[in-house]
Amino acid sequence: MEDGYLYFGAGPRPQDRIKLNVGGKLFETTLSTIRSGGPDSLLHALSARPIDDSNPVFIDRDPEIFSVLLSVLRTNRLPSTARRFSKQELIDEALYYGIESRLKAAMLPPPLSGIDASMVATIRPASDGLPSAFTAGAGDGSLWIAHGGQISAYDSNLAHSGTIRTHIDNITSIRRVWPDVAAVGSDAAAGLHIYDISGGRHVASTHWTDPSDPRIYKALVSAIADSPNSVYASFSCRHKENCILVIDKSTFQVVSEIGRQLGSSMKTMVPGKLTYMPSSSLIFGSAVTSGAFGYSGYIRLWDSRSGEVVWETTEPGSGRSSRFGDSFADVDVDVDESTMFKVCSNSGDVGMADLRKLGEDPWVYLRDNNPSMGHTGGGESNSVIHCYRKQVFIGRDGGLEVWSQVEEKETGEERDNRVCEGSYRRNYVDKLDNLERGTVMRMEGGGDRLFISRENVEGIEVWESSNFSGSVSVL
């Protein structure tokens with residue numbers, strides 16, 4: 001060692017410096033930096049190589065990409081120069097050096113904040129690019145897309161990790177129930193089907209049957225939810241009989257049946273949306289339909305242990321008389337905050353209810369204190385709502401907005417109730433004219449991402465709060 005440099009002599013110290021010649025360009029860094037990639041990395045091995053001469057080690061690789069990777073080792077963040085390279089180029093080089101885990105961690109987005117989110121990618125499966133359903137990984141932001149009868153998987157960095165073909169022609173509902181296992185259903189093929197995505201194989205199938213009732217035959221799946229131990233799937237038959245089956249998550253055998261209905265009216269339609277709420281062990285279910293006379297539907301809460309209904313409401317037909325005829329177009333539940341949100345079909349207003357204090361009319365309608373941000377109303381042709389990370393995302397036709405909690409200036413009572421007219425603030429997401437992208441059909445949060453599908457548009461949009469805004473195509 002001379003002048004603080006390490007030339008692979010004995011007794012190196014973490015603060016010692018090392019020189020590397022990568023593709024003809026000289027780099028200088030410290031031992032602690034170069035070894036931070038892990039003991040199994042190529043760089044760690046090179047730093048310990050017992051060579052006595054003072055010449056830098058030559059590595060015949062791209063120096064520009066190495067510069068990006070070295071910055072990741074130093075700061076745990078991607079530098080702005082990373083935008084010059086594709087994700088695959090960066091991952092390939094990181095694999096060569098053995099530091100792919102450090103790169104992938106640096107590539108993950110910051111915490112999702114709808115206020116400054118923008119569309120950063122569109123994921124398009126190689127074949128049958130029009131998605132029929134999708135499910136997101138809540139923890140890591142990975143994504144599984146059903147397109148036709150196939151399922152394409154994308155990892156936490158949105159790199160394609162594989163595609164499997166199922167025995168179903170068109171998957172219309174999908175839910176990740178284990179890290180590598182999906183439960184899928186179709187509006188054209190009977191049964192709930194379990195697939196191992198990593199192994200590409202069919203694991204099991206579950207059907208709703210009742211030997212005492214011949215009407216229960218070839219039941220189709222409309223919605224899927226899951227808890228740590230169970231899968232919940234809403235089934236409906238040709239004559240509109242429907243129920244929710246509780247399915248054991250380890251054996252995929254039916255455990256019980258919840259809420260069997262004849263399905264002869266709006267109040268007994270099959271639930272089109274299901275959510276399990278772990279804090280209360282309740283199952284949230286909703287159904288909505290629209291026709292010449294507007295929207296109608298119901299919201300219902302079942303106790304997952306007893307199967308009993310603990311609360312329900314129908315619209316139109318309940319709530320304030322001034323709101324009669326302004327039924328919800330969509331509804332969702334925030335499982336973290338124990339709150340429920342709906343978007344009204346006529347006025348476009350957003351209603352909020354505390355699930356711990358439900359009654360005949362639990363709704364409080366959010367008020368935007370900024371008049372310029374207010375919604376003008378006037379009959380939404382399509383509205384979709386999704387709660388994620390204490391935020392409420394609403395798609396109105398092609399536009400996207402977010403309601404975020406207001407923390408300041410709350411009274412003690414408001415903090416206890418968490419529900420008041422001014423407790424959320426509206427912001428419009430992104431500055432682009434989303435109407436040009438098509439009508440929002442579905443949204444789902446996963447990790448620090450929001451995924452969006454649009455009517456008759458190929459691919460799934462990926463929205464993030466990112467330091468680098470803009471659209472990037474992910475193949």
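These are my notebook entries on a predicted model of one protein chain.

**Ground rules**

My side-chain values use heavy atoms, with hydrogens and water left out.

**Whole chain**

I looked up the confidence, given as pLDDT (the predictor's confidence in each residue, from 0 to 100), and found a chain mean of 86, with 84% of the residues reaching 70 or more. Over residues 4–10 the pLDDT stays under 50, and for these residues the model has 25 contacts beyond four places in sequence, a contact being heavy atoms within 4.5 Å. Residues 468–475 also have pLDDT below 50, and that stretch has 21 contacts in the model beyond near neighbours in sequence.

I then listed the helices and strands, which are DSSP runs numbered from the N terminus (H or I, at least four residues, for helices; E, at least two, for strands), and noted six helices and 33 strands in the chain. Of the 475 residues, 53% count as buried, where buried means under 20% relative accessible area, exposed over 50%, and partly exposed in between, with a 1.4 Å probe and protein chains only. Among contacts with a separation of 6 or more, 52% come from residues 24 or more positions apart.

At its start, a side-chain oxygen of Asp62 comes within 2.8 Å of the backbone nitrogen of Glu64, and just after the helix Asn76 has a positive phi of about 65 degrees. The buried residues of H3 include Pro63, Ile65, Phe66 and Val68, and the elements that its buried residues pack against include strand S2 (17–22), helix H2 (42–47) and helix H4 (87–97).

In H4 I found Leu90, Ile91, Glu93, Ala94 and Tyr97 buried. They cover an arc (taken from the directions from the helix axis to the C-beta atoms) of only 165 degrees, which puts them on the same side of H4. The buried residues of H4 pack against S2, H2, strand S4 (57–59), H3 and H5, and Gly98, which follows H4, has a positive phi near 80 degrees.

S18 pairs with strand S19 (residues 282–291) in the antiparallel sense over five bridges, and I count two strands as paired if DSSP finds at least two bridges between them. Met277 has Leu282 as its bridge partner in S19, and in the turn of this hairpin, which has four residues between the strands, Ser281 takes a positive phi of about 60 degrees.

**Strand S31 and its two partners**

I next turned to strand S31 (residues 449–454), where six of six residues are buried: Arg449, Phe451 and Ser453 on one side, and Leu450, Ile452 and Arg454 on the other. With strand S30 (residues 440–446) it pairs in the antiparallel sense over six bridges, and Met443 is the bridge partner of Ile452. Two residues lie between S30 and S31 in their hairpin, and Gly447 in the turn has a positive phi of about 60 degrees. Three bridges join S31 to strand S32 (residues 460–464), again antiparallel, with Leu450 opposite Trp463.

**Two single residues**

I looked up Arg426, which sits in strand S29 (residues 424–428) and is buried, with a relative accessible area of 6%. Its side chain makes a polar contact of 2.9 Å with that of Glu401; a polar contact is a pair of N or O atoms within 3.5 Å, where within protein one must be able to donate a hydrogen and the other to accept it, and residues adjacent in sequence count only if both atoms are side-chain atoms.

Asn229, in the loop between strand S14 (220–226) and strand S15 (230–236), is exposed, with a relative accessible area of 58%. Leaving aside neighbours within four places in sequence, I found Asn229 in contact with Ile247, Asp248 and Lys249.

Conventions
Residues numbered from 1 in each chain as written.
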